[in-house]
Amino acid sequence: MPNHTVQIRAARLVDGISTYAKNDQAILVTDGRIDAVGHHEDIAEQTPPDAEVIDLGDAYITPGLIDGHTHLSLAGDGRNYVQMFSETDEMMVLTGVMNLQRHLAAGITTLREHGARNKVGFTLKEGLERGYIPGPRTLVSGRPITCTGGHFHMCNETADGEAEMRRSVRRLVHEGADYIKIMASGGGTAGTIPGRASYSVAELHAAVHEAHHFHRLTVAHCRAKESMVRAVEAGIDLMEHAEFLDPDGELRFDPKIAEMMAESGIWISPTLQAWTGYPRIVDLRAKRDTDTISLDELTELQRLETRAEGRLDVMRRMLDYDLRDRIVPGTDSGVGHLAFGHLDYDLQLLVQVGFTPAEALISATRISAEAIGMTDEIGTIAPGKIADLVAFETDPTNDVNAFSRVTAVFQAGQRVK
């Protein structure tokens, strides 16, 4: 809408820069971008008489949330990879449409699509850009690059050796990839070994060099310790999972690797809810609190909580190495039981490992925007930025449960919830 101006008011505002809420604030938006932000009386003086005014009452308004790790084409309904990838590409696109809407309703206004089969990811992004479907601002990697028989090989971008790595990067860039995703270790795909690296340093470096030539960032799936080391040495921009897995499948924190990560300045997305099985823990805790849990379910909850604590302890130890400002949340939604619409789970887990709720919010906004290369466009509420906003019922800087109570969502100044 050309020259469309809207004033958005809220009792309190968190701009993504400071860690506290400011009272009686308003945002002036023209053509989707923020013109001014400040006390509502000051903004009222700058607002044209014909502007639309939206008053959110007692809500807390923040920058839109960013999810750095999703798989839009997967349903997150508990099926395994074989079952999910038995779907047609057309059904995967429809699944993606559903997932985009779920994430947007939860206040997630930007996401990274971390790997889909064939051209499904590209199709979803084109549908969004044409305005055919609603959803968060989406960056796509296209098909993740993996070795022969490697994790997500069913997406059909296999590369072995330096020359093939370069060729895959070029192909993906020319098809429209916003960034490059590489499976640097095994994962949940049958036949792969999560505790073993999939690529050498030379292979990873070839992909990084080629991607950077095309001004594309790189992301590496790294569950294994040795893949983490190789990703750092190869200059990968962002490391996913960072589980410190040994070949026997056990998590064993290594301070030397943490030091390497801190010194390199690599971004880290620990995808905490994925490893911990947190959605199931949430369900079982709700049953326990209402005294409707069975004995078998109580045993399952205790087992899951013990397993989760091991993963969270690794994350706590990482924070001792000055990595807090390099951590970005990511849901890994679509995989297993990880349904879309729950970045709030990852923020709750960040608080459990030592973040304050305000730090978790900044991680999911300003810091995430830096990690994905969009700091000039999103991540904070400031003049010149795109007006992607989310409003919460209560104060997200003090109460991590506020992230589960979204009352309004705006994309480029237009209310979509």
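Because the model is predicted, local features require pLDDT of at least 70 and side-chain atom pairs count only at pLDDT 80 or more, whereas totals for chains, interfaces and linings use all residues. Residues are numbered from 1 along each chain as its sequence is written, and side-chain values use heavy atoms, with hydrogens and water left out.

A pocket is here an open set of points on a 1 Å grid over the protein atoms alone, where a 1.4 Å probe fits, with protein on both sides within 12 Å along at least five of seven lines; its lining residues have an atom within 4 Å of a point. Of the 28 lining residues, Ala274, Trp275, Val335, Gly336 and Leu338 are the closest to the pocket centre. Elements that give two or more residues to this lining include β9 (179-183), β10 (217-224) and α9 (272-276); the largest share, three residues, comes from α9. Helices (H or I, at least four residues) and strands (E, at least two) are DSSP runs numbered from the N terminus. By class, the lining has ten nonpolar, twelve polar and six charged residues, where Ala, Val, Leu, Ile, Met, Phe, Trp, Tyr, Cys and Pro count as nonpolar, Asp, Glu, Lys and Arg as charged, and the others, Gly among them, as polar.

Thr192, in the loop between β9 and α6 (201-213), is buried at a relative accessible area of 16% (buried, under 20%; exposed, over 50%; partly exposed in between; 1.4 Å probe, protein chains only). A polar atom of the Thr192 side chain lies 3.0 Å from the backbone oxygen of Gly187, and one lies 2.8 Å from the backbone oxygen of Thr189.

Positive phi values in residues other than glycine occur at Asp31, near 50°, and at Thr271, near 45°. Asp31 lies in the loop between β2 (22-30) and β3 (33-39) and is partly exposed at 46% relative accessibility. Thr271, in the loop between β12 (267-269) and α9, is buried, with a relative accessible area of 1%.

Technical notes
Polar contact = N/O pair within 3.5 Å; in protein donor to acceptor, adjacent residues only side chain to side chain.
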